[in-house]
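I opened a new notebook page for a structure I had not looked at before. The entries below keep to what I looked up.

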Amino acid sequence: MLVNPGHWAGRRVLVTGHTGFKGAWLSLWLREMGAEVAGLALAPEEPSLFSQIGLDGLIDHVEGDIRDADLVDQVVARVRPQTVFHLAAQPLVRLSYDQPRETFATNVLGTAHVLDACRRVEGLEAIVAVTSDKCYENREWVWPYRESDPMGGHDPYSASKGAAELVISSYRNSFFHAGEGPLLASVRAGNVIGGGDWAKDRLVPDIVRAIIDDRSVYIRSPGSVRPWQHVLEALGGYLLIAQHLAAGHDWAASAWNFGPAAQDTRPVGWIVDKMIERWGRGSFELDTAPQPHEANLLMLDCSKARAQLGWRPAFDLRQTIDWIVDWHSQVAQGGDALAITRGQLQTYKTLLDAALTESDPS
Ligand SMILES: NC(=O)c1ccc[n+]([C@@H]2O[C@H](COP(=O)([O-])OP(=O)(O)OC[C@H]3O[C@@H](n4cnc5c(N)ncnc54)[C@H](O)[C@@H]3O)[C@@H](O)[C@H]2O)c1
């Protein structure tokens, strides 16, 4: 199966977290395929991809807090989505140490509010709930995690995503069965990167800000290894899962890892070097201040997505870095962010179709 614009044209889709990095890319992709997109999230934190591409003029933009169950109910009832992508979350490990209660409230209870509201929507076919590769109990070992591995989480963010997985699995087992309503899947991606990410305390945005401001970037853990991939790689996987759910394929109503090829699971220091090299300027210094605990080694096993969906990455980490530097350097020089983002999306769609066709020639 390919990502099929015919499936999305005219489809009512609710994206929570559309003012964030992944949600803005996903909303634009859906809009480009002709979906009627509504978004529910907090106001964007500026600068944001959401504002840079003028997303509020392209979709039905609703500002609201998913910790408010009544508001979530009202928005979902008004939008009457056929597909829901739930991305809204407090997504930062370090912030979760400062705001553990808020992180659990948004990521765990907020997920329950969204899923609960979904129980009352007629015509809803598919729900894709986004958690994280950090939902796994991290054993700091060399083997990649599989969907069947136990949930866990040392820091509050990781634990909140493990807990969200349990909420999702409970709603699936209790309420969302094939033939009786929507099908529900959870998706666990690695560290997604791309143009337009401005989050605080994240590696690529930190590097971009430092290069644009002509100062050194402070790097905390150059040896930490992460599964890096372009944001569009993960989103392509989410769209495919949603199509399978809407087609009533109950095998798709489960958990899915989406990550890069093994060779693109790289240390932080490699990303820093490559971005500075590709941009042609920039420097870094080691941040030696004491840091809260963060996992050192995290890899994902994506055999399930490959075998059952025919999904695989459409390009590699070097191309990803090229695209990020192209996006940010062009926008920094006054380029039209919407046109640049649309251009990358169009190119990516062609690459993804080729990758999916190659892995499933039928
Ligand atoms: N970026 C990554 O590398 C990565 C990796 C794995 C998983 N994820 C997950 O993907 C999703 C999107 O992440 P992102 O990188 O786009 O983050 P982001 O910070 O750019 O966006 C987060 C979105 O959630 C919304 N949000 C936060 N709290 C909310 C609340 N209480 N009520 C309503 N909306 C709220 C924000 O307004 C924003 O729209 C999250 O669930 C995150 O945990 C991200």
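**Entry 1: the whole protein**

I noted at the start that this is a predicted model. I looked up the secondary structure and found 13 helices and twelve strands. I then checked the radius of gyration, which is 19 Å; the globule rule gives 21 Å for 362 residues, so the protein is as compact as a globular protein of that length. Along the principal axes, the C-alpha atoms fill a box of roughly 55 × 40 × 40 Å.

I asked myself what share of the 362 residues counts as buried. It is 56%. For contacts, I took those between residues at least 6 apart in sequence, and 80% of them join residues at least 24 apart.

**Entry 2: surface and charge**

I wrote down an accessible surface of about 14,600 Å². Carbon and sulfur atoms account for 50% of that surface. I looked up the charged side chains as well: 33 are positive and 45 are negative. The centres of these two sets lie 2 Å apart.

**Entry 3: helix H2**

I picked helix H2, residues 21-32, and checked its length. At 1.5 Å a residue its twelve residues should span 16 Å, and the end C-alpha atoms are 17 Å apart, which agrees.

Is H2 mostly covered or mostly open? I found it mostly covered, with ten of its twelve residues buried. Among the buried ones I listed Phe-21, Trp-25 and Trp-29, and also Lys-22. Leu-26, Leu-28 and Leu-30 are buried too. Just after H2 I came to Gly-34, which has a positive phi of about 95 degrees.

**Entry 4: a cis peptide bond**

I looked at the bond from Glu-46 to Pro-47 and found it cis, with omega near -5 degrees. Pro-47 sits in the loop between strand S2 (36-41) and helix H3 (49-52).

I looked up Arg-80, whose phi is positive, near 45 degrees, although the residue is not a glycine. I placed Arg-80 in the loop between helix H4 (69-79) and strand S4 (83-86).

Where does Asp-201 lie? I found it in the loop between strand S7 (191-193) and helix H8 (203-213).

Technical notes. Residues are numbered from 1 along each chain as its sequence is written. This is a predicted model: local features need pLDDT of at least 70, side-chain atom pairs count only at pLDDT 80 or more; totals for chains, interfaces and linings use all residues. Side-chain values use heavy atoms; hydrogens and water are left out. Helices (H or I, at least four residues) and strands (E, at least two) are DSSP runs, numbered from the N terminus. The expected span of a helix is 1.5 Å times one less than its number of residues. Buried means under 20% relative accessible area, exposed over 50%, partly exposed in between (1.4 Å probe, protein chains only). The radius of gyration is taken over C-alpha atoms; the globule rule is 2.2 Å times the number of residues to the power 0.38. Contact means heavy atoms within 4.5 Å. Accessible areas come from the Shrake-Rupley method with a 1.4 Å probe; for residues, only the protein chains shown count as cover. Lys and Arg count as positive and Asp and Glu as negative; His and the chain ends are not counted. The place of a charge is taken as NZ of Lys, CZ of Arg, CG of Asp or CD of Glu.
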